[in-house]
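Open the model in your viewer and follow the stops below. Each one says what to select and what is there.

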Number of protein chains: 4
Amino acid sequence: MEHIGKKIWAIADCHIPGRSNGPEPEMTSHETFCFLNLSKAPANVKIMMYFSNRNPVGPYWLEIPAERTLHIRLNLLKDPEPIPRDTDFAALVESDIPIVLQQTRLDSRQSENALFSTVPFSY
Amino acid sequence: MEHIGKKIWAIADCHIPGRSNGPEPEMTSHETFCFLNLSKAPANVKIMMYFSNRNPVGPYWLEIPAERTLHIRLNLLKDPEPIPRDTDFAALVESDIPIVLQQTRLDSRQSENALFSTVPFSY
Amino acid sequence: MEHIGKKIWAIADCHIPGRSNGPEPEMTSHETFCFLNLSKAPANVKIMMYFSNRNPVGPYWLEIPAERTLHIRLNLLKDPEPIPRDTDFAALVESDIPIVLQQTRLDSRQSENALFSTVPFSY
Amino acid sequence: MEHIGKKIWAIADCHIPGRSNGPEPEMTSHETFCFLNLSKAPANVKIMMYFSNRNPVGPYWLEIPAERTLHIRLNLLKDPEPIPRDTDFAALVESDIPIVLQQTRLDSRQSENALFSTVPFSY
């Protein structure tokens with residue numbers, strides 16, 4: 001169990017849509033990183049954000065408890081700084097122990113929501 | 001053929017939407033695991049569910065017959081307990097022989113459905 | 001170039017929606033397999049279809065010309081038999097040379113279309 | 001960091017929808033390649049486009065600066081020639097250093113947009 005997952009994940013397409021339709025917070029447009037920590041120890045996760053026209057921003061730190069999942073909307077990350085809306089970015093996720101990551105975006109800029117999910121590139 | 005697939009699959013983003021629009025059961029919001037067993041023997045599959053704020057739940061057991069596919073909506077799993085709606089969770093799938101897994105979610109909380117599908121992380 | 005791709009691909013979630021909305025054939029619900037053959041020789045591709053409650057059907061045969069892509073809607077496959085609509089199935093794709101496969105479904109059962117795409121499991 | 005990613009990526013399903021609904025350019029139908037270059041040096045990227053009924057077209061050249069992401073809509077590529085709309089194609093991406101690629105399509109041919117994203121096949 002301790003070995004299921006990867007320590008490095010890279011997500012090339014991140015984007016937090018700036019507009020939403022529908023009841024909040026359920027239908028608010030969001031970019032979500034979903035973590036699964038299958039080990040008996042907590043995972044310490046460091047995230048760096050990459051942009052098209054400025055230096056990387058971070059690190060952002062998260063802890064994923066042992067045997068737990070965490071689905072976090074990136075718009076909730078505030079430290080060291082909030083992530084701008086309607087802006088292309090990318091992310092590098094590094095964990096001290098193997099974890100599993102899935103990226104899911106809900107885009108409700110139009111009145112009906114669109115949805116995608118990927119298993120990002122891991123290393 | 002016996003070797004095509006993996007014995008361990010981990011799905012970090014599971015979620016059964018609590019509302020639906022459109023004709024049932026076709027357009028009912030659902031989280032589906034699609035299994036393919038290419039071997040000449042049945043596959044015995046064990047699923048554990050992971051949550052953000054409580055201990056893992058399971059195991060749930062499934063049998064995938066030889067040379068068959070099984071597309072199962074997770075809301076049909078009742079033993080040891082039904083999976084709550086509108087709740088973030090994750091899953092670990094273990095099979096005694098190699099199988100192929102694909103995850104597909106139909107979200108019809110709004111009047112037009114959204115759809116995603118992934119090939120989960122395998123080990 | 002000759003080596004880019006895989007000879008075996010397995011797709012666990014196949015489904016041809018039985019209803020559609022919008023102009024045909026563009027917005028007709030479809031399950032599409034997209035092949036890319038990067039080599040200098042044609043690829044001979046054999047597809048077997050797997051179901052939940054009966055024996056596998058096939059083989060279906062396709063040829064992907066050298067340095068070409070082929071995006072084929074599965075409802076066009078007629079030999080040895082058409083694939084039923086609104087039915088869960090899965091597919092095993094075998095090629096005599098490495099190819100790249102991507103699966104894309106357009107679901108227009110409701111008035112606005114939903115879309116997903118995956119890179120299937122390869123071996 | 002220099003090693004995170006791959007030098008060869010192959011995308012079998014590319015398609016630029018010919019119609020759009022909603023405010024431009026945000027909701028214009030588009031096929032986007034999202035690159036992430038985690039290294040300290042720029043990446044020189046060569047793209048060849050493959051079609052179903054004619055010879056490959058290209059190369060198209062892009063530079064991804066060091067520690068930057070680039071999300072490029074394929075309809076912006078003009079040299080050596082624009083890519084036709086409503087046409088099936090595929091792409092081979094080659095980089096001189098490892099990069100991460102994600103493909104995302106927004107299809108707004110109908111009044112509500114559909115969205116998918118994949119991590120393409122890498123080699």
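A salt bridge here is a side-chain nitrogen of Lys or Arg within 4 Å of a carboxyl oxygen of Asp or Glu. Across the interface of chain A and chain D, that rule finds zero salt bridges.

Some ground rules. This is a predicted model, in which local features need pLDDT of at least 70, side-chain atom pairs count only at pLDDT 80 or more, and totals for chains, interfaces and linings use all residues. Residues are numbered from 1 along each chain as its sequence is written, chains are lettered from A and ligands numbered from 1 in the order in which they are written, and side-chain values use heavy atoms, with hydrogens and water left out.

**Stop 1: chains A and D**

Select both chains. Contact (heavy atoms within 4.5 Å) joins 36 residues of chain A to 34 residues of chain D. The pair buries about 2,700 Å², 60% of it on carbon and sulfur atoms. Buried area is the accessible area (1.4 Å probe) that two parts lose on being put together, summed over both.

Now highlight A:Ala12, A:Gln110 and A:Phe121. They supply 25% of the area that chain A buries against chain D, more than any other three residues.

Next, look for polar contacts. The count between chains A and D is eleven residue pairs, both at pLDDT 80 or more. A polar contact is a pair of N or O atoms within 3.5 Å; within protein, one must be able to donate a hydrogen and the other to accept it, and residues adjacent in sequence count only if both atoms are side-chain atoms.

Colour by element. Strands S1 (6-14), S3 (43-51), S6 (89-107) and S7 (114-118) of chain A each give two or more residues to the side that touches chain D. Strands (E, at least two residues) are DSSP runs, numbered from the N terminus. S6(A) gives the largest share, seven residues.

**Stop 2: chains A and B**

The salt-bridge count is zero. Polar contact links eleven residue pairs between chain A and chain B, both at pLDDT 80 or more.

**Stop 3: the pairs that do not touch**

Show chains A and C. They do not touch, and their nearest C-alpha atoms are 7 Å apart. Chains B and D do not touch either; their nearest C-alpha atoms are 7 Å apart.

**Stop 4: the second largest cavity**

A cavity is a set of points, on a 1 Å grid over the protein atoms alone, where a 1.4 Å probe fits but cannot get out; lining residues have an atom within 4 Å of a point. The count comes to two cavities of 30 Å³ or more. Select residues Leu115, Phe116 and Ser117 in chains A, B, C and D: they line the second largest cavity. About 40 Å³ of space lies there, a volume being the space filled by probe spheres set on the points, which are joined across faces, edges and corners.

**Stop 5: the largest pocket**

A pocket is an open set of points with protein on both sides within 12 Å along at least five of seven lines. The largest pocket holds about 990 Å³ of space. Which of its 31 lining residues are closest to its centre? Select B:Val119, C:Val119, C:Pro120, C:Ser122 and D:Val119.

Key. Helix = DSSP H or I, 4+ residues; strand = E, 2+ residues; numbered from the N terminus.
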